[in-house]
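Hi there,

Here is the structure I promised to pass on. Have a look at it first, and then read my notes below.

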Amino acid sequence: MPRICPCGERIVEEISPTEKEKKIWFTCVKYKDDGLHRRKIWADAIEEETKSLRKDVDNHWERLREFEPHHTQIYNLQMQLQEKSDEIAKLREVVAELSSRVDLLDKLCYD
Ligand SMILES: [Zn+2]
C-alpha cells in the first residue's frame with residue numbers, strides 16, 4: 001500500500017463519506033484533484049502492492065538460488081579453517097615441548 005504521496009505527504013486510509021458504496025481509499029492527507037496527489041481505491045492499491053511484493057519475493061528466491069553454491073563453499077572453508085586451527089594447536093604443543101627439551105639440554109651442557 002502506498003505510504004507517501006508523490007507530493008511528500010502521508011497517505012492515510014479514508015472511507016469516502018459522500019459515496020453510496022462506502023469504499024476504502026488510500027488518500028494523501030493534502031489530497032486535491034489536481035493530478036499531483038495520490039488517491040487509490042483500497043482493493044486496487046492492495047492488488048498493486050501484492051503484485052509488487054510477489055515480484056520482490058521471486059527476485060529474492062532467485063538471488064538465494066544464486067548464493068546456494070557459495071553457501072556450500074563457505075561451509076567447506078569453515079571446516080578447513082577448523083582443521084587448520086586444530087593442526088596449529090597441536091604444533092604449538094610440539095613447539096612448547098621441544099623448547100623445554102632445548103632448555104633442558106642447554107642446562108645440562110652449559111651449566
Ligand atoms: Zn499528496
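Of the 111 residues of the chain, what percentage count as buried? The figure is 4%, where buried means 20 or more other C-beta atoms within 10 Å of a residue's own, exposed means 12 or fewer, partly exposed is anything in between, and C-beta atoms are placed from the backbone.

Before you go further, two notes on the set-up. Residues are numbered from 1 along each chain as its sequence is written. Please keep in mind that this is a predicted model, in which local features need pLDDT of at least 70 and side-chain atom pairs count only at pLDDT 80 or more, while totals for chains, interfaces and linings use all residues.

**Overall shape**

The chain has a radius of gyration of 34 Å, whereas a compact globule of 111 residues would have one near 13 Å. That radius is taken over C-alpha atoms, and the globule rule is 2.2 Å times the number of residues to the power 0.38. Along its principal axes, the C-alpha trace spans about 110 × 30 × 20 Å.

As for secondary structure, the chain holds one helix and three strands, arranged along the sequence as β-β-β-α. Helices (H or I, at least four residues) and strands (E, at least two) are DSSP runs, numbered from the N terminus.

I also looked at contacts, meaning pairs of residues whose C-beta atoms, placed from the backbone, lie within 7 Å. Among those in the chain between residues at least 6 apart in sequence, 26% join residues at least 24 apart.

**The sheet**

The three strands make an open, antiparallel sheet in the order β1-β2-β3. β1 (11-15) and β3 (39-41) are at the edges with a single partner strand each, so one side of each has no neighbour in the sheet. On average, neighbouring strands are turned by 25° against each other, direction ignored. Axes here are lines fitted to C-alpha atoms, for helices over the stretch in contact, and angles run from 0 to 180 degrees between N-to-C directions.

Two strands pair if DSSP finds at least two bridges between them. β1 and β2 (residues 24-28) pair over five bridges in the antiparallel sense. Within that pairing, Glu14 has Trp25 of β2 as its bridge partner, and Val12 stands opposite Thr27 in β2. On to the next pair: β2 and β3 run antiparallel and are joined by three bridges, with Phe26 opposite Lys40 in β3.

Leaving aside neighbours within four places in sequence, Trp25 is in contact with Glu14, Ser16, Arg39, Lys40, Ile41 and Trp42. Trp25 and Glu13 are 12 residues apart in sequence, yet 5.6 Å apart in space, C-alpha to C-alpha.

**The loop between β2 and β3**

Val29 and Lys30 are both found in this loop. Val29 counts as exposed, with 12 C-beta neighbours inside 10 Å, and Lys30 is exposed with 12 other C-beta atoms within 10 Å. Not counting residues up to four places away in sequence, Val29 touches Glu9, Arg10 and Val12, while Lys30 touches Cys7, Glu9 and His37. The C-alpha atoms of Lys30 and Arg10, 20 residues apart along the chain, are separated by 8.4 Å.

**The helix**

Helix α1 (residues 42-110) lies across β2 and β3, at about 90° to β3. Of its 69 residues, the number buried is zero, so α1 lies largely in the open. There is a kink of about 35° at Glu68, shortly before the proline Pro69; the bend at a residue is the angle between axes fitted to the seven residues ending there and the seven starting there.

Asp86 lies in α1 and counts as exposed, with 10 C-beta neighbours inside 10 Å. The C-alpha atoms of Asp86 and Arg63 are 35 Å apart, for a separation of 23 residues along the chain.

Finally, an unreviewed UniProt entry lists residues 74-108 as "coiled-coil region". UniProt positions are given in the numbering used here, feature names are shortened, and annotations may be inferred rather than shown by experiment. In the model, residues 74-108 are 100% helix and 0% strand, with the end C-alpha atoms 51 Å apart.

Conventions:
Two residues are in contact if their C-beta atoms, placed from the backbone, lie within 7 Å.
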